[in-house]
Amino acid sequence: MEFFKNYVSNSLAGSTSQSFYEDDGTLRRGRVYYKLFCGGKMEYSLLFSNTTDSTFSDGSISVRNMPCGAWEILSLRGGIVPACGMQDPADPAVMQTLTFGGNTTKSVSPGEMYCTDPFILDAQAGEFLCLEIEFRGRERVPFHPETRLATFLEKDGRWISDTHVPLPSMIGCRRDVKTKIAFLGDSITQGIGATMNSYLHWNARLAEMIGPENAYWNIGIGYARAADAATDGVWLYKAKQNDLVILCLGVNDIQKGYSAASIIENLTCIVTRLKKAGVRVVIQSLPPFDQTGERLEKWHTVNAYIRDTLAARADGYVDVSPILSASPETPQIARYGGHPNDEGSAVWAEALYAASRDWGI
């Protein structure tokens, strides 16, 4: 896709299509706010994907690689605000209309990946891009039910916190960078556990530490599994567009009953496919998640394989258990919560930053 030749991510938030909902064709207006990583006057384009990247919850609603339905964008506008809270839909002083192929409207096809026309934003690092979208659809309207972003729908003339808004997959900007880095994982990577809308999750902190010479794309999704990425669908396609992928997957596979052998096979497949695409891979062990019984046995087996075999096929390896566990005697017990809180995210980021000098970035 031509988009990836020109644009890199300029936000540390994860907001791909996680699932979908059924609607009645009513015209709706939503807002979402993205904190910008780098400042300056730059050309932007927003990437959207009308396919669910991974399996949501127990898979009874949506699964990996499922095309969402046909729906319409009636208007998309963007503007800059200095800050925005979860209950504070701040109004930009200026909103510009964004277009698709020169048109202010867009009919989205099932499974389509598409982007806006280029537009210019002049913003400081840390300011927020407010996107306001008018849309309507009936079957399989994409959204991100577990988003960590400030997201709103207009109801009776008021902005109400609501996740039922189609979100872009990347806030793309045109700038020269040394390395394009993606974070591929589940809710732990997306940032669940850290304070909402805080950008204090582990990979956001890591990006801030490594610095703006590189671009960072968070493609972590709640409930995601290694089994989803191993299908080599849209989700892994996104990962392949980067120079380096930092991988942390497998916890949900254990939770949902996958065997240790299948998790090992899928993780190996992911690393192999990324390497074949010319992407460097840093693999992390499965974080502590208070596993017990059969799940604990799988956790030990998979982590032993990652440490003893898969790490040698990757370009970097980090064992996160000593960083995040309660004690060396109980490496499976999460000191900072299975979804690491702000403190745990900081500890994690510091450990990865110390290891990052060996990753060629």
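Predicted model: local features only at pLDDT ≥ 70, side-chain atom pairs only at ≥ 80, totals over all residues.
Helix 8 covers residues 293-313, 21 residues in total. From its first C-alpha to its last it reaches 30 Å, close to the 30 Å expected at 1.5 Å a residue. Even so, helix 8 bends by about 45° at Arg-307. Several of its residues are buried, among them Leu-296, Trp-299, Val-302, Ile-306 and Leu-310. In an α-helix, residues three or four places apart point the same way, because there are 3.6 residues a turn. The buried residues of helix 8 pack against several neighbours, including helix 6 (251-255), helix 7 (260-276) and strand 20 (280-284).

Now for the charged side chains. The whole structure holds 19 salt bridges. In one of them, Arg-29 meets Glu-132 at 2.7 Å, N to O. Arg-29 lies in strand 3 and Glu-132 in strand 12, so this pair ties together parts that are 103 residues apart in sequence. Glu-132 is buried, with a relative accessible area of 4%.

Another salt bridge joins Asp-232 and Arg-273, whose closest N and O atoms are 3.0 Å apart. Here too distant parts of the chain are linked: Asp-232 sits in the loop between helix 4 and helix 5, while Arg-273 belongs to helix 7, 41 residues apart. Asp-232 is partly exposed at 28% relative accessibility, and Arg-273 is partly exposed at 35%. Finally, salt bridges that share partners join Arg-29, Arg-31, Arg-77, Asp-91, Glu-132 and Glu-154 into one network.

Technical notes: Residues numbered from 1 in each chain as written. Heavy atoms only, no water. Helix = DSSP H or I, 4+ residues; strand = E, 2+ residues; numbered from the N terminus. Expected span 1.5 Å × (residues − 1). Bend = angle between axes of the 7 residues up to and from the residue. Buried < 20%, exposed > 50% of the residue type's maximum accessible area, 1.4 Å probe, protein only. Contact = heavy atoms within 4.5 Å. Salt bridge = Lys/Arg side-chain N within 4 Å of Asp/Glu carboxyl O.
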